[in-house]
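I opened my notebook to look up a few things in this structure, one entry at a time.

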Amino acid sequence: MRLAAPANAAYTASLAVSELLGCKQCGGGRGQDEELGIRIPRPLGHGPSRFIPEKEILQVGSEDAQMHTLFADSFAALGRLDNITLVMVFHPQYLESFLKTQHYLLQMDGPLPLHYRHYIGIMAAARHQCSYLVNLHVNDFLHVGGDPKWLNGLENAPQKLQNLGELNKVLAHRPWLITKEHIEGLLKAEEHSWSLAELVHAVVLLTHYHSLASFTFGCGISPEIHCDGGHTFRPPSVSNYCICDITNGNHSMDEMQVNSAGNVSVSDSFFEVEALMEKMRQLQECRDEEEASQEEMASRFEIEKRESMFVFSSDDEEVTPARDVSRHFEDTSYGYKDFSRHGMHVPTFRVQDYCWEDHGYSLVNRLYPDVGQLIDEKFHIAYNLTYNTMAMHKDVDTSMLRRAIWNYIHCMFGIRYDDYDYGEINQLLDRSFKVYIKTVVCTPEKVTKRMYDSFWRQFKHSEKVHVNLLLIEARMQAELLYALRAITRYMT
């Protein structure tokens, strides 16, 4: 089965626009828009991502059989092909797991009614000022019969959902502060109380959409043309631009201007890759020769955790949320703060005491059947995904690098693995990469194209998307660990 026209609408619509507008350069129509008095929107962005050239992203209709099936499944489930899907398709194995999980969370049998699920998605995305996801779920919320009044602000939603605001806030920005008291407050709120099953469903949705906001900003996802911020009615600003170039995605002049501004010498970025490969080789040799003591590894964790507090970008400034997003959450001044600032001490979360595999997975599966299995599969695919390549190199074992990225994120959240040598992180992750990781995971609304361009400059865009998959899954697991541990403590 081929996808019908609606699935291709985002791309085939451009043909209709160019036919209607016409253009002197290509000999198209002759000003029908003036005769009809119609203002035709044109895309503001250049494809699904502001960071990745459109020509490098697979277009609907040119995919292989596996990708075609994924697109068909996505369209059947959501009634659309959103830009997140079109960027994630760089990694079909992960995308399949992601879509299956998201479909189950939003549409299959579960403790929460459908409109609650989409409203919780709105609340979670709004905490990171992610208008892209907010807009998607506003439409979905209304489609499943949600009350439009709730969209005027969180204070118009039921008290039960308002009560979830505190957990949403802490989980998004400082999950290490979650306690069993947060859980007790939700479960014992008299007529507005949550059941354990409902709360686990809500927690999974919150962590899913906090992480998806990180992916949206980390990959520079553009709004679809029919959404707010996705189009403009203004004519092109470049005088000799053909309208057909714009509508068909041929933005060569624009892309040349953007690319020439931030060019890095090929030789410099080549040597960065070679240096990283050499560090990986040396670390492997050190591992084979000697193993650090438990005391030394604990010390290295504390050093890395402390150093992670001083990783910040020169672009690090407050971003004021727009009213259309901020109305969906309370306490707009509350945001990410490093857990050891101002003399505050948060006990290290030892994975050996509470981990996803032995504790979180079974708790989720018991209270919300099958979801634990779906999430677990998604974690494993993101963590183990490899094509054994690094930039121009093939047949490379990347497990050391993937583990360093995953464990660095958990380290920033105060989560420690006793069997990992945190000294490897400083060897493998340079400062520009750490800035990008911390921004995507902790304050995604502050991610810039400069940050995206500045790390792994010789690597393919598909590899940078893979990095983002690691970031969002490590973040989601960290949030889940803190929330599920608090639920477990409440239950015992």
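**Entry: salt bridges**

I began with a count, and the structure holds 18 salt bridges. I took a salt bridge to be a side-chain nitrogen of Lys or Arg within 4 Å of a carboxyl oxygen of Asp or Glu.

Before going on, I noted that this is a predicted model, where local features need pLDDT of at least 70 and side-chain atom pairs count only at pLDDT 80 or more, while totals for chains, interfaces and linings use all residues. Residues are numbered from 1 along each chain as its sequence is written, and side-chain values use heavy atoms, with hydrogens and water left out.

I looked up Lys160 and found that it forms a salt bridge with Glu198, with 2.9 Å between the closest N and O atoms. Lys160 belongs to helix H8 (residues 159-163) and Glu198 to helix H11, so this pair ties together parts that are 38 residues apart in sequence.

My cut-offs were under 20% relative accessible area for buried, over 50% for exposed and partly exposed in between, with a 1.4 Å probe and protein chains only.

**Entry: helix H15**

Next I turned to helix H15 (residues 294-308), where Glu302 has its place. Glu302 and Lys305 meet through their side chains in a salt bridge (3.6 Å, N to O). Both lie in H15, 3 residues apart, which is about one turn of the helix. Lys305 counts as buried at 5% relative accessibility, whereas Glu302 is partly exposed at 30%.

I also checked Glu302 against Gly414: they are 112 residues apart along the chain, and their C-alpha atoms are separated by 9.1 Å.

Then came Glu304, which forms a salt bridge with Lys434, the closest N and O atoms being 3.0 Å apart. Glu304 is in H15 and Lys434 in helix H21 (residues 431-442), so the pair ties together parts 130 residues apart in sequence. Both of these residues are buried.

One more find: Arg350, Asp353, Arg416 and Asp418 are linked in a network of salt bridges.

**Entry: cavities**

Rolling a probe the size of a water molecule over the atoms shows where empty space is left. For me a cavity was a set of points, on a 1 Å grid over the protein atoms alone, where a 1.4 Å probe fits but cannot get out; lining residues have an atom within 4 Å of a point.

How many cavities of 30 Å³ or more are there? I found 2 by this rule.

The largest cavity holds about 80 Å³ of space. It is lined by 12 residues, and Arg80, Asp82, Gln102, Leu136 and Leu212 lie nearest its centre. Helix H4 (83-88), helix H5 (92-107), helix H7 (131-143) and helix H11 (196-218) each give two or more residues to this lining. H7 gives the most, with 3 residues. I sorted the lining of the largest cavity into 7 nonpolar, 3 polar and 2 charged residues.

The second largest cavity has a volume of about 30 Å³. Its lining is made by Phe98, His208, Ser211, Leu212, Lys378, Ile472, Glu473 and Met476. The elements giving two or more residues here are H11 and helix H23 (461-491).

Most residues other than glycine have a negative phi. Which residues did I find with a positive phi although they are not glycine? One is Asn388, at about 55°, and another is Trp456, at about 45°.

Asn388 lies in the loop between helix H18 (371-384) and strand S4 (389-390). Asn388 counts as partly exposed, at 36% relative accessibility. Trp456 lies in the loop between helix H22 (449-454) and H23. Trp456 counts as buried, at 11% relative accessibility.

**Entry: Phe271**

Last, I looked up Phe271, which has its place in helix H14 (residues 266-289). Phe271 counts as exposed because its relative accessibility is 54%.

Conventions. Helix = DSSP H or I, 4+ residues; strand = E, 2+ residues; numbered from the N terminus. 1 Å grid on protein atoms, 1.4 Å probe; cavity = no way out; pocket = protein on both sides within 12 Å on 5 of 7 lines; lining within 4 Å. Points joined across faces, edges and corners; volume = space filled by probe spheres on them. Nonpolar A, V, L, I, M, F, W, Y, C, P; charged D, E, K, R; others polar.
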